[in-house]
Structures are given as structure tokens and as C-alpha cells.
Amino acid sequence: MTHTAPRIAGTVPEGTPAARKRWGQLAVWGLFATLMILVGIKLYQITLGPISSGRAPDFTLTTFDGENYTLSDYVGQVIVINFWASWCGPCELEAADLEQAWRNYRKHDVLFLGIDYVDTENEAQAYLQKWDVTYPNGADLRTAISQAYRIRGVPETYIVAQDGTVAFTIIGPTDYTKLTAALDSLLNE
Amino acid sequence: MKHGLNSWSIFRTLECAALILLTTFSSFGETLAQDNQPTDDEVNAIAKQLYCPVCENVPLDVCGTRACAQWRDNIREKLADGWNADQIKQYFSDQYGVRVLAQPPTQGVNSLFWALPPFAIVVSWFFMLRLIDNLTRKRPSGSHSVINLGDTDDYKTRLERDLEQWR
């Protein structure tokens, strides 16, 4: 007498309508779960806040003069990345200090990059002229750089150490004292 | 004397007419110049299809920040330069990213935003109808669920014996 094992409760034979139905249900639940995971990741990223440590996200900035600056090309140098906009009142509080710091520290191989966040070019150029800004500045095309740094607004300043990691994050307007303190600590390391 | 007065009147009349004509044509010229400038309605018609990332969930036409005012001025300039609505929206999308568009583009990954809602509705309706169908379907009287109890008589015998014990 042959003895076949009884079917385990809950299992469905392959190829039957019930099996197809089960696969359909699995596919729908899988799609729903994927969507929920994507929404969850996005919400998580929002709660993370601006970058304050780790490797600085790489980017290429095309300046208003047409020059390209790729962050990873300047590993070994201290880099100050400042997000600003012409419509931003607090940005005006730090503009002169940033320019002064640039003029004093460029001889120490410190690079300043100004990233113009959701701005219009005419007003941005007028702003740069008004504050006599001479360090490289360019528009944040498609807001790609600001999204990579997860900025919450402007102004925000990120100081990247020689090893390419974010050493200082300054939310809100900065000043000459704060900048020099941060730059001196990195240059004296 | 009378003739002299008539001549004077004619001269004054012609002078007035010339002045009126001059004024009319000069103001007409001004009107033409103003017509080249887009109206606020024209600017807002495009602005309401855009969102500034600075002020989330506020359309550009009603956004009161300085950034939005600059963007509206930018739209006005582009309209004055002869750009159409699609070109302006494309410019803003290229400059600030697709997230500034009120309606995502129908190409690429963004087409998912258009495809998913109808898909979700269709799937929901499918499951809803299936559920209603299951709930309302009447089973034939006297029928009972057929359970596959296995392939062997031995198994059936044992199962029935166990069930008897539970009754």
C-alpha cells in the first residue's frame, strides 16, 4: 500500500486558479509594500536634517562665469560651501564676512564656493556685485546640490576638511570670527 | 476785420485739431508700448502652474515671498521676450527641477505619478467587487465545503476518527 503524505494545511497546488489568485494577491501586496517603503525612505530622509559629518556629497558647480568646479577634484584642500540667495535677507548679513574670509584664506589654499539656491540670475548677479563677491559662485541647477546636502533653507555653510569629510555645518548666517575659527582649526591639523 | 477774425478762428481750430491728433497718436503709441508688456493675469496664468521650493505647497501666483516675486518677474520678462507657457515651464523645470511643476511630466520616472493613481483605483475596485461577490454569493442548499483530506483511505479514516472525538 502506498502512502502519500497529506497536504499541509494552507498550501495550494501549483497552476490551479487558487494558486494564481494567491500570486496576484502577493503581487499587489508587494507593490503596496514597495510604495510604503519608498514613502518611508523619503520621510526618513526629511527627518535626517542637514549633513553634519561623513563624506561631503560630490557635485559639479557651473559658475556664472561658465567655469566648472567638481568637489572631488579638490580633495586635500579645505573647501567652504555656502548656500545663499539674493532674496534671502540673512544672507546679506554674512556676505561681506564670507568675502573677507575668502580674500584672507585663499592664499592658504582654501576654496570658497557659493551656491545660489532657487534664484533668478539677474538678481543673483546684482547681489554679487552689491557685496563685491569674488569667489566662485553658480546656480544650484535643479536644486541637486541643495538636495544632496539636505539644506533646510539659506544661508547654510558647510566646511569640508582636507580628507573630503564635512567638518563644520553652520546653519543660518555665519560671521568672520566663526569662519576663521573653523578654518584655522582645519589648517592647523 | 470780420475776415481777419474768421482766419484767426480757422487757425485756432486747426491748431486745436493738430493738438488733439498729436495727443491721440502719442497716447496710442504709449498704449502700443504698454501692450507689449504682459499683464498680471498672463503672468499668473503661468505662475499658478509652478511652485517655488522655498514656500512649499503654495502656488507661485499667490506666494507672497520675495523669491516668488522674483520668479513672477522672471516669467514677465520671458513673456515679454516672446516665450510661450510651455517654454517658460520647461525653463523653470530645467533650472530648478521638476518639483517646481504643479503637474509632473508624463515622461520617464515621473510618469509613475500619473499611472499609479488610476492603477490603485482599478486594483481597489477589483478587490472591492471580489469582496462583494464573495459576501453576496449564495451557496447551494445542503452543500458544504469540500476539503481535500488527502489521498489515502488511511488518512481519511484517521481524520474522521479524530473529528468524531471532538464532536
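Here is a short chat about the chains, their contact and some salt bridges.

Q: Before we start, what kind of model is this?
A: It is a predicted model.

Q: OK. How many helices and strands does chain A have?
A: Chain A has five helices and seven strands.

Q: In what pattern along the sequence?
A: Chain A reads α-β-β-β-α-β-α-β-α-β-β-α.

Q: How much of chain A is buried?
A: Buried residues account for 40% of its 189 residues.

Q: And the accessible surface of chain A?
A: That comes to about 10300 Å². Carbon and sulfur atoms hold 57% of that surface.

Q: What about contacts in chain A between residues at least 6 apart in sequence: what share joins residues at least 24 apart?
A: The share is 71%.

Q: Let's zoom in. Where does Leu179(A) lie?
A: Leu179(A) is in helix 5 of chain A, which covers residues 176-187.

Q: Is Leu179(A) buried or exposed?
A: Leu179(A) is buried, because its relative accessible area is 0%, and the cut-off for buried is under 20%.

Q: What is it in contact with, leaving aside neighbours within four places in sequence?
A: Leu179(A) touches Val80(A), Asp97(A), Leu98(A), Ala101(A), Thr157(A), Ile159(A) and Thr174(A).

Q: How far is Leu179(A) from Trp102(A), in sequence and in space?
A: In sequence, Leu179(A) and Trp102(A) are 77 residues apart. Their C-alpha atoms are 9.8 Å apart in space.

Q: Switching to the interface. How many residues does each chain bring to the contact?
A: Chain A brings 26 residues and chain B brings 25 residues.

Q: What area is buried between chain A and chain B?
A: About 2100 Å², with 55% of it from carbon and sulfur atoms.

Q: Which residues in chain A lose the most area to chain B?
A: Trp87(A), Val118(A) and Arg142(A). Together they give 25% of what the chain A side buries.

Q: How many salt bridges are there between chain A and chain B?
A: The count is one. Arg142(A) pairs with Asp94(B), and the closest N and O atoms are 3.9 Å apart.

Q: And how many residue pairs are in polar contact across that interface?
A: Seven residue pairs, with both residues at pLDDT 80 or more.

Q: Which elements give two or more residues to the side of chain A that touches chain B?
A: Helix 1 (17-48) and helix 3 (121-130) of chain A. Helix 1 gives the most, with five residues.

Q: How do the residues on that side of chain A divide into nonpolar, polar and charged?
A: There are 10 nonpolar, nine polar and seven charged residues on the side of chain A that touches chain B.

Q: New topic. How many salt bridges over all chains?
A: The count is six.

Q: How exposed are Lys130(A) and Glu92(A)?
A: Lys130(A) is exposed, with a relative accessible area of 55%. Glu92(A) is partly exposed, at 22%.

Q: What about Glu99(A) and Arg103(A), what do their side chains form?
A: A salt bridge, 2.6 Å from N to O. Both residues are in helix 2 of chain A, four residues apart, about one turn of the helix.

Q: Why does Glu99(A) count as buried?
A: Because its relative accessibility is 4%, and buried means under 20%. Arg103(A) counts as partly exposed, at 41%.

Q: Which salt bridge can you show me in chain B?
A: Arg158(B) and Asp154(B) form one, at 3.9 Å, N to O. Both lie in helix 6 of chain B, residues 153-166, four residues apart. Arg158(B) is partly exposed at 36%, and Asp154(B) is partly exposed at 33%.

Q: Last one. Which residues do salt bridges with shared partners join into one network?
A: Glu99(A), Arg103(A) and Asp132(A).

Terms used
Residues are numbered from 1 along each chain as its sequence is written. Chains are lettered from A and ligands numbered from 1 in the order in which they are written. This is a predicted model: local features need pLDDT of at least 70, side-chain atom pairs count only at pLDDT 80 or more; totals for chains, interfaces and linings use all residues. Side-chain values use heavy atoms; hydrogens and water are left out. Contact means heavy atoms within 4.5 Å. Buried area is the accessible area (1.4 Å probe) that two parts lose on being put together, summed over both. A salt bridge is a side-chain nitrogen of Lys or Arg within 4 Å of a carboxyl oxygen of Asp or Glu. A polar contact is a pair of N or O atoms within 3.5 Å; within protein, one must be able to donate a hydrogen and the other to accept it, and residues adjacent in sequence count only if both atoms are side-chain atoms. Ala, Val, Leu, Ile, Met, Phe, Trp, Tyr, Cys and Pro count as nonpolar, Asp, Glu, Lys and Arg as charged, and the others, Gly among them, as polar. Buried means under 20% relative accessible area, exposed over 50%, partly exposed in between (1.4 Å probe, protein chains only). Accessible areas come from the Shrake-Rupley method with a 1.4 Å probe; for residues, only the protein chains shown count as cover.
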